[in-house]
Amino acid sequence: MTMKLNCDLGESFGSWKMGLDSMAMRHIDQANIACGFHAGDPLWMTKTLALAAENGVEVGAHPGYPDLVGFGRRSMKCSAEEIQSLVLYQVSALDGMARSQELEMTYVKPHGALYNDMMADEFVRSNIMQAVASYFRPIRLVLQATPQSKIHRAEAEKLGLEVAFEAFADRCYADDGKLLSRAEEGAVHTKEKMLAQVQQLVDKSTVTTVSGHELTLDVDTLCVHGDNEAGVRSIEAIREMLAK
């Protein structure tokens, strides 16, 4: 099983700094770059793209709901037109800035509540898919790998849209394949459990849910986090594991 490593980056805003982007960027394959709605701003987008170029990392847009105060973690009731427009606006912004640095944005991975709503609500997912599919050139959409991945791939294929599926290194899974809510105890794994989950994905293409069931997942990319030094060290350990 070959998996890329992706990380949410470029989430600083003004004088407020989020994450250890320069450290994390050395160990990943894909950078999901915030586009200014939930986090990030033009200057930090520029800096993060430059870091990606320096490290040879693939770049993707990381659009969210327009919710800077809530860091994009609060759902918003949006119409079909609003969902499609807010996605296209953010994707276009990052793509234009990437091209100014001779980089090509290749994929879109929604952030936070927009991502969760995409996975839980067919209406939201359909409109995000339509937005990405309507872009002027082909780009991929990243969704969470779940037992419904074949259904989601079929939805995308009807629109001529390529998709990629991701798993999460440090998150516990519910029995339905979704991530266990952060409000639940054990939702975020310790380093030991995280590494064990990654090893299980590598060896068996499965994860063990909160109640002990094994779920088979079709995974193209693995989400890791570089919010602090411990997180970056975990990325290094995962990279070493995947290299074996």
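Author: Start with pairing: two strands count as paired if DSSP finds at least two bridges between them. Keep in mind that this is a predicted model. Here seven strands close into a barrel in the order E1-E2-E3-E4-E5-E6-E9, with parallel pairing. From one strand to the next, the twist averages 35°.

Reader: How do you know that strand E4 and strand E5 pair?

Author: Count the bridges: two of them join E4 (residues 105–108) to E5 (residues 140–144). The cut-off is at least two bridges, so the pair qualifies. Tyr107, for instance, stands opposite Arg140 in E5.

Reader: What makes the span of helix H7 agree with what it should be?

Author: H7 covers residues 191–204, and at 1.5 Å a residue its 14 residues should span 20 Å. Its end C-alpha atoms are 20 Å apart, so the two agree.

Reader: Which residues in H7 are buried, and why do we say they line one face?

Author: Met194, Gln197, Val198, Gln200 and Leu201 are buried, meaning under 20% relative accessible area. Looking down the axis of H7, you'd see the buried residues fall within an arc of 155°, so they line one face of the helix. On the other side of H7, Glu192 and Asp203 are exposed, which means over 50%.

Reader: What covers the buried residues of H7?

Author: The cover includes strands E6, E7, E8 and E9, along with helix H8. As for H8 (residues 229–243), it lies across E1 and E9, running at about 165° to E1.

Methods
Residues are numbered from 1 along each chain as its sequence is written. This is a predicted model: local features need pLDDT of at least 70, side-chain atom pairs count only at pLDDT 80 or more; totals for chains, interfaces and linings use all residues. Side-chain values use heavy atoms; hydrogens and water are left out. Helices (H or I, at least four residues) and strands (E, at least two) are DSSP runs, numbered from the N terminus. Axes are lines fitted to C-alpha atoms, for helices over the stretch in contact, and angles run from 0 to 180 degrees between N-to-C directions. Contact means heavy atoms within 4.5 Å. The expected span of a helix is 1.5 Å times one less than its number of residues. Buried means under 20% relative accessible area, exposed over 50%, partly exposed in between (1.4 Å probe, protein chains only). The arc is that of the directions from the helix axis to the C-beta atoms.
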